[in-house]
Every structure is written in structure tokens, then in C-alpha cells.
Amino acid sequence: MGGVTSSVAAKFAFFPPSPPSYKVVTDELTGLLLLSPFPHRENIEIVKLPTRRGTEIVGMYVRHPMATSTLLYSHGNAADLGQMYELFIELSIHLKVNLMGYDYSGYGQSTGKPSEHNTYADIEAVYKCLEETFGSKQEDVILYGQSVGSGPTLDLASRLPQLRAVVLHSPILSGLRVMYAVKKTYWFDIYKNIDKIPYVDCPVLIIHGTSDEVVDCSHGKQLWELCKDKYEPLWVKGGNHCDLEHYPEYIRHLRKFITTVERLPCPRMSSDQSERVSRDAPPRKSMDRRVKPRQSTERREREKPPKSQSKKSSSKLKISFDHLDRSRKSVDCHEKTRKSVDQIERGRKSMDRLDRVRSE
């Protein structure tokens, strides 16, 4: 049964672009890795990283000369580095941050197959690279997770108490909750963000579109309620699942958040945190193996969302993503997600059996 549910979960969560939108080539003169068909840029470095689960993933590091923070970006489930390439450059420029993006196992030119636990190993390998190769410190790292990318992002964030901040872009409560309004966490569910976000100690910004047809905005609102250190969220009025970057308030609010957290004192571990993790120790194993499932609050947000940002904005704050529309479509395909319901029904006979399944 476990193998069946794992297989079904993978089919639900992952839609790697096929064929990949890029190739990794080696420059004959310099020996550097490049992403084809993109031209070489002096401030971009391409890396291949081994993971603890035996796969090799591709990463892209974008340097900014004035950066004091590094954004570790985990993309959505229907994109790869080639489709995110221009966006990563734009974000680095407008936010004045270094940015590390990567492809999950089985995505782009990364080896292996996509799975929940492979993504946990993937983000750990990328974070290790940031520390050991690029000299990033935990207190200067901001984790950014988009949609399915909120899963590995929160898993790592729950185990790194000195992080600068976390950004969740159209996040999910859990994989199963995207399709069913279940009241508790089941053992075969994936990306149990609802159980992990209370363990995140740093400031958290949540961005979600109010017209999201793939992951309802209620997911973002409930995660915001569960945050320890809440930052003013951004509920993009009329925003869908894959177009939030087009709204001027997106980059404006994101830049304000990063500027704010960069001014805060460096995070320090409390005595309670020091008991949970040693400063010199590597990240703990995924919390899926140690956190007991709990009943979801499933309560609606009691506070009214902040008023919508003014539609007027400086052209300097608005990122032009017209060129991305031709290469990067929906980061999470609504139709594919809905079709996956039928796959899950074949993996387990009826939702009526859920109440008899033993929680983790």
C-alpha cells in the first residue's frame, strides 16, 4: 500500500517539463558549465551537486555586487531552470540579492526521479553548496518556495533556526488538502506544511492570489495564521496561481520585506533552539519522520486582509515578464492537478476509508 500511495503522490505533485528547456554544456575555453541556449554571464555560475539520495542536481547561482542576502528559490512543479532563468536574473537585480535556483531530481538535467523525499535531499544539497562553496551564512539566507516548492522550503526552514527569513508564494497546506478538505493529516499525504510551519522561527512572508484556481487562497491564509513570526501578507487581488509576478505590488512588497528583515539584528538561537539543533551540525532529517500529525485548525482567517495596494506604481518597480510568457506557462497546471484526482481514486478505493487509516 505504501508503494502505491507514494507512486500516486508523485504523479499528483510533479510535472517536469518534457523535454527539458535547456542543456548543460561545458565551455571549451574556460571549462565552465553553461546553460544552453543562454549566453555566458560573468555573474552566473552553473553547478552540479550530488545529493544524499544518490542523484545529481543542477543549480544556478546569480551574484549581485551589492547583495547582503541570498535567496534560495524552490520553483513550482511544472517548471525547470531554463524556464526560470530570466526571472531569476530579474529578481536578483530588483531585490539586490544573490539568488540560487535549482532543479529537483528528475527535472531539467538533474538525474533521478522526482519525489517528496528527493526534494528534501535536493534542497539540503543546495543549502550545503551555498555554505561551503559560496560562503553564505545561515543568518543571511532567505528561503523562497513557490507552490510545491513550499514543501522542501518549509521542511528545511523548520530545521534551521537562524535563517534570515522565509517567503511562501502560493503555498500548499499539504498535497492532499489541495484536492480534499480533510480535517487531519494522513500518513500517505505529502508535503505536510501545515504541521511544519509552527517550527519555523524566522519572519515569514506569504504571497497568494485571491483568484487562485489551483491552490485556493485559504491555504496561504491558514499557513499565515500558524506562523510564529508573521509579516504582513500579500493577498494579490485577482491574482491566479502563476501570474503574481506580473502585479506591481508583488515586487514592491517583496522588496519591502527583504529590506525590513535585512535591517533586523542577526537571529540568535534561544536555549530551547540550541537544545533542538547544534550550530555546527548539518540539518536534521525531514520532520516527516519525527513530528506527530495533529488535527488541523481549519479555521478561517478572522482578520480582514490588508487593503489592496494601489494600482499605480513606478515603472522601476514593475518587472517585465512578457518574455517569460512564451517559455514559462502555468507553474502548476490546474487541469493536470484535477486529472490526478482520478489517479488517486485508483490508488485507494474511496475517501470513505480515510477515517480508518492510521495517522502518522
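Which residues do ring pairs link into a cluster? They are F14, Y120 and Y191.

## What you're looking at

This is a predicted model, where local features need pLDDT of at least 70 and side-chain atom pairs count only at pLDDT 80 or more, while totals for chains, interfaces and linings use all residues. Residues are numbered from 1 along each chain as its sequence is written, and side-chain values use heavy atoms, with hydrogens and water left out.

## Rings that pair up

The structure has 11 aromatic pairs. To count, rings of Phe, Tyr and Trp (its six-membered ring) need centres within 6.5 Å; planes under 30 degrees apart are stacked, over 60 edge-to-face, and the rest tilted.

One of these pairs is Y102 with Y104, edge-to-face at 5.4 Å centre to centre and 85° between the planes. Y104 also pairs edge-to-face with Y107, at 5.4 Å and 90°. Y102 and Y104 are both buried (under 20% relative accessible area, using a 1.4 Å probe and protein chains only), and Y107 is buried too.

## Lysines over tryptophans

K221 lies over the face of W235, 5.8 Å from the ring centre. Likewise, K230 lies over the face of W224, at 5.7 Å. Here NZ of Lys has to be within 6 Å of the ring centre and within 35 degrees of the ring normal.

The chain's mean pLDDT (the predictor's confidence in each residue, from 0 to 100) is 81, and 71% of its residues reach 70 or more. Over residues 289–319, though, pLDDT is below 50, and it stays under 50 over residues 321–360.

Note on methods. Buried < 20%, exposed > 50% of the residue type's maximum accessible area, 1.4 Å probe, protein only. Contact = heavy atoms within 4.5 Å.
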